[in-house]
Amino acid sequence: MNDENTICSTAVVYDKKNPFLSTLKRRVLLNKEGSDKETLHLELCLAGSGLEYRPGDSLAIIPANSRQVVKQVLETGGFDAGEMVELKGGETKPLGEVFATDLNITGITKNILKKYNAFAQSDKLESLLDPDNKAALDDYLGGREVIDMIADFPVPGLAASDFCGMLRKQLPRLYSIASSLRAHPAEVHLTIAIIRYYSHGRGREGVCSTYTADRVDVGDTMPVFLHYDKNFKLPEDGDTPIIMVGPGTGIAPFRAFVEERAATGATGKSWLFFGAQHSATDYLYGDEWERYVANGRLSRIDLAFSRDQTEKVYVQHRMLEHSAEMYSWLSDGAVFYVCGDASRMAKDVHEALISIAEKEGGKSREDAEAWVKQLKADKQYLRDVY
Ligand SMILES: Cc1cc2nc3c(=O)[nH]c(=O)nc-3n(C[C@H](O)[C@H](O)[C@H](O)COP(=O)(O)OP(=O)(O)OC[C@H]3O[C@@H](n4cnc5c(N)ncnc54)[C@H](O)[C@@H]3O)c2cc1C
């Protein structure tokens, strides 16, 4: 992160080393009973921090590991929680504390396996690390964590300092801000998908998402700082139309956008595409969208609930169904925003834009690609994908 991300309007600069301790005011489960998903709406207090953000910015949270995972790693590795270890910066702390807050004690990478095998000297690990065995390595890394590595390839007597030296630092996680400061003074809202899954005989948890769900109570504080994004921003001119595509937690910044535009009385048209699995359980902030449509703050909304019918329907399908209007809005200068899953959704949406330009603009594939590229260059097509 560069310096820009640590600038705020107060004398105090909050960052990774000096985070603001923000109190959790409210936590609401957005999915209804019966959903496969667990998405939380969090409201955090910024009072007294002087922190100011704009729609499109993100909040970084510095998580703590789960006590249970710390205990498992200590026990499986045969480590002593009270042993003092020196961190890279020179600070000395008990190992239990280092595991709880300073290191990522879950994620494994090829590099970690390599460093670990300098001690484990395992033929099987050696073979997995062979560049010719990439598929086998990927298979091992899939759904496995540090705990599996130390259980599968034990190293009796491994020094705590050597073990700590091979793990990565615990990094802050970013969350798109889901509120407008004008609508919620001194507050910041987030929309967090909680990661829990089962693999190779163990329950697994995403570190930061479950930290916000399980390890912080309402009234407790969590260490945070702002991450500014100068590109993913509403147009300066409130008359400019906007199109927002935000399935799943990708909806977060668009709640901030719509709140901001309502608060500033912006008159530009707005069009939201939202997608999730089931309308009955996963329509995140559904009541708010319906209200915004009814009072004209949101010009239109198109919904794609992939599992409400036999054939999967996603946001890009809804875009294609309304290709003529989409092309007309874009030709009129609408800014097109995409937020959420980078691995598939963002690519599918990009492809849909090209198809729309081919169909409605009568363009060749090549010209349609160039047109979409130009939208990006003109900052009329903005993405916040992860
Ligand atoms: C700019 C930006 C904005 C973001 N905004 C949001 C947001 O608004 N809301 C939001 O929820 N997230 C958002 N994220 C993602 C967020 O930062 C975290 O990456 C996410 O919450 C996971 O963090 P974690 O610590 O819970 O999981 P980690 O402990 O980091 O673990 C995540 C890892 O678990 C593994 N994994 C997850 N599920 C499975 C599975 N089913 N099977 C096997 N392995 C699996 C994957 O390897 C994945 O990389 C954003 C990210 C960025 C960069």
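Biologist: Why is A186 called partly exposed, rather than buried or exposed?

Modeller: In this predicted model, A186 has 14 other C-beta atoms within 10 Å, and since a residue counts as buried at 20 or more and as exposed at 12 or fewer, A186 falls in between and is therefore called partly exposed. As for its place in the chain, A186 lies in the loop between β8 and β9.

Biologist: What makes the phi of A186 worth a remark?

Modeller: Most residues other than glycine have a negative phi. The phi of A186, by contrast, is near 60°, a positive value in a residue other than glycine.

Biologist: How do you know that H200 counts as partly exposed?

Modeller: H200 has 14 C-beta neighbours inside 10 Å, and because the cut-offs are 20 or more for buried and 12 or fewer for exposed, H200 counts as partly exposed. H200 lies in the loop between β10 and β11 (202-205), and its phi, near 45°, is a positive value in a residue other than glycine.

Biologist: What makes a set of residues a nonpolar core, and which residues touch the most other members of the largest one?

Modeller: The members must be buried residues of the nonpolar kinds, joined through C-beta atoms within 7 Å. The largest such core has 66 residues, of which L59, L190, M244, Y337 and V349 touch the most other members. Helix α14 (residues 345-361) gives the most to this core, with seven residues, and the core draws at least three residues from each of domain 1 (3-60 + 173-227) and domain 3 (242-385). Leaving aside residues up to four places away in sequence, V349 touches V245, V315, Q316, M319 and V338. Apart from this core lies another, of 23 residues, among them F79, F99, L113 and V146.

Biologist: Which residues come nearest to the ligand, and which domains supply its shell?

Modeller: Of the 21 residues around the ligand, G206, C208, S209, T249 and Y386 come nearest. The shell draws at least three residues from each of domain 1 and domain 3. Within the shell, β8 (173-176), β9 (187-193), β10 (196-199) and α8 (207-215) each supply at least two residues, and β8 gives the most, with four.

Biologist: What is the make-up of that shell in nonpolar, polar and charged residues?

Modeller: The shell divides into ten nonpolar, nine polar and two charged residues, with Gly counted among the polar ones.

Biologist: Where does domain 2 run in the chain, and how many residues join it to domain 1?

Modeller: The domain assignment places domain 2 at residues 67-169. The centres of domain 1 and domain 2 are separated by 28 Å, taken over C-alpha atoms, and the contact takes four residues from domain 1 and five residues from domain 2. On the side of domain 1 that touches domain 2, the residues divide into one nonpolar, two polar and one charged.

Conventions. Residues are numbered from 1 along each chain as its sequence is written. This is a predicted model: local features need pLDDT of at least 70, side-chain atom pairs count only at pLDDT 80 or more; totals for chains, interfaces and linings use all residues. Domain bounds come from an automatic or database domain assignment. Two residues are in contact if their C-beta atoms, placed from the backbone, lie within 7 Å. A residue is near a molecule or strand if its C-beta atom, placed from the backbone, lies within 6 Å of it.
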